[in-house]
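Let's talk through how a few labels get attached to a model. Each one comes down to setting a value against a rule.

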Amino acid sequence: MTDEAPQDHDSGDRPPGPVALRVAGLSVAYGNVTAVHDATFTVAEADACAITGPNGNGKSSILLGITGMVRRRGTVEVFGTQAPNGDVRWMARHGLTLVPERRQLYPDLSAWDNVILGCYSWTRSLGRARRSGSFGRALDLFPELKPHLQQAAGTLSGGQQQMVAIARGLASNPKILVVDEPCLGLAEAVARRVYDALARIHADGTTLIVVEEAPKRALTLCNRRVEVRNGVAVAGVTA
Amino acid sequence: MKLGNLIIAGIVTGSIYATFAVCVSVWYRVSNILNLAVGDFAMVGALSVDNLYRVRGLPLPAAIACTLVVVAIFAWLYDMVVLRLAADGRGRAEGIVLTFFFTFALSFFIDGVAKMLFGTDVHAAPALWNGQAIAVANLHVDRAGILVLACAVLIGGMFWLYIRYTLGGKALEASGENAVGARIVGIDTRRYRRLIFVATAVIAAVFGIVESPITGYTYLSGATISLTGFIAAAYGGFRKPGRALIAGLSIGVLEALLGGYVSAEYGDTVMYAILAALVLAWPRGLGFESAVSG
């Protein structure tokens, strides 16, 4: 295994905007096992960036390190402000929202409750959350969820749950939306639907970071790509 | 009229069980830990007010305020020190150890301290609303009973409104359902755990103060209250405060009826037999399955 820096492939046509996310020297370790080694990359505002690479090479760990779900070494800046280590809530409040792997919904709460809880990052008022543009936009993005909004999230199909997870992320009114493996285990038609929604989110001006094992699908949407292949060095983790 | 009086007595006792059941299940919803010490906070409330008022001669409002503040501070410290180390620390405990034993140990600890401070005799906080039982058409209602019922309705209603109609209440539910998912949207799951733990401890203490003139408390009374509240909460699968409330009330009424019509001596035994039979006959409907499988 080699220790190279992750490679940036800048295939975008538009000129790079101001930096939305800057990651420098990011390392994540679980005990003695290093999952991410010295990752450095930047994502410009309004970019759609794909993080691709084979399973088990630390793509998700990069996201966990950036968002602070696990402790990291190295620095992460969001719109020029340095993020404290290990503080997920700071990220949510400063405009970077994660739609995590396996979705992490609240299974006994209704789909509607799941989505509106996204608003918790910016308000404590249920009324303001319900009337907000970000909540309305999140629901409008997935009209097929309408008949299922009162259903417990745990009883929805995989595709519907993924939509709820993305809608919850949007309800937090993010400047940067980070989506981890959005199509894992979904049928092709549903996966296309999810990508359509992501494309619309991006078209509305939200910076997008998508982690995908399959670069082909990701690159239909993304103008930038960070390749994680033996690059962000991985030690002792198997797929 | 015997039936009417028994039902009224049952509803009063049942509202106590119901309140404790609601406290147990609301905290379980946010923390996934069963609070077996909730009854001990009630006992501390009753005995400490009695001690401060009768022995040390503090005015009653001061005694009550003092007691509630001490209970709140103690609950806060317990969460900050013990639960933080146990549930959030580096060598954190998981599963059944955390679910049961940390609050079980707390219960023993409180009992021991109470025995040292208040002795082993039966005591009660002074009645807050003095006077004869109120009689309405041959039905007799204890004044303390009315207070207990009023407190139960107030507290149950407040929890219900909070969970149903505020974003904070939904965040509280989300914390227990999926802590990772809750942190992603900016919810401080530890803060909610601490908030509800302190709130339920204070609520329990208030109940002990209001209810103790009816039954009288010793330093061991907490465990009995916890147990019945715990059973009522189990009938709601530990996660459904509304169901726990109904179960608590029903258990109270059942207990009173059995005591009145079947046998004063064996009423409890028959009641637990009925409760056990219900669980065996209808586990899914009563929510036991979700309690066991999480």
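Q: What makes chain B agree with a compact globule?
A: The radius of gyration is taken over C-alpha atoms, and the globule rule is 2.2 Å times the number of residues to the power 0.38. For 294 residues that rule gives a value near 19 Å, and chain B of this predicted model has 19 Å, so the two agree. Along its principal axes, the C-alpha trace spans about 60 × 50 × 35 Å.

Q: How many helices and strands does chain B have, and where do the strands fall?
A: Chain B has 12 helices and 2 strands. Reading from the N terminus, the order is α-α-α-α-β-β-α-α-α-α-α-α-α-α.

Q: How do you know that the span of H8(B) agrees with its number of residues?
A: Helix H8 of chain B covers residues 189–215, which is 27 residues. At 1.5 Å a residue it should span 39 Å, and its end C-alpha atoms are 37 Å apart, which agrees.

Q: Where does H8(B) bend, and which proline follows?
A: The bend is about 35°, at B:Ile209, and B:Pro213 follows within four residues. Just after the helix, B:Gly216 takes a positive phi of about 75°.

Q: Why is H8(B) called largely enclosed?
A: A residue is buried if 20 or more other C-beta atoms lie within 10 Å of its own. In H8(B), 19 of the 27 residues are buried, so the helix is largely enclosed by the rest of the structure. For chain B as a whole, buried residues make up 49% of the 294.

Conventions
Residues are numbered from 1 along each chain as its sequence is written. Chains are lettered from A and ligands numbered from 1 in the order in which they are written. This is a predicted model: local features need pLDDT of at least 70, side-chain atom pairs count only at pLDDT 80 or more; totals for chains, interfaces and linings use all residues. The expected span of a helix is 1.5 Å times one less than its number of residues. The bend at a residue is the angle between axes fitted to the seven residues ending there and the seven starting there. A residue is buried if 20 or more other C-beta atoms lie within 10 Å of its own, exposed if 12 or fewer, and partly exposed in between; C-beta atoms are placed from the backbone.
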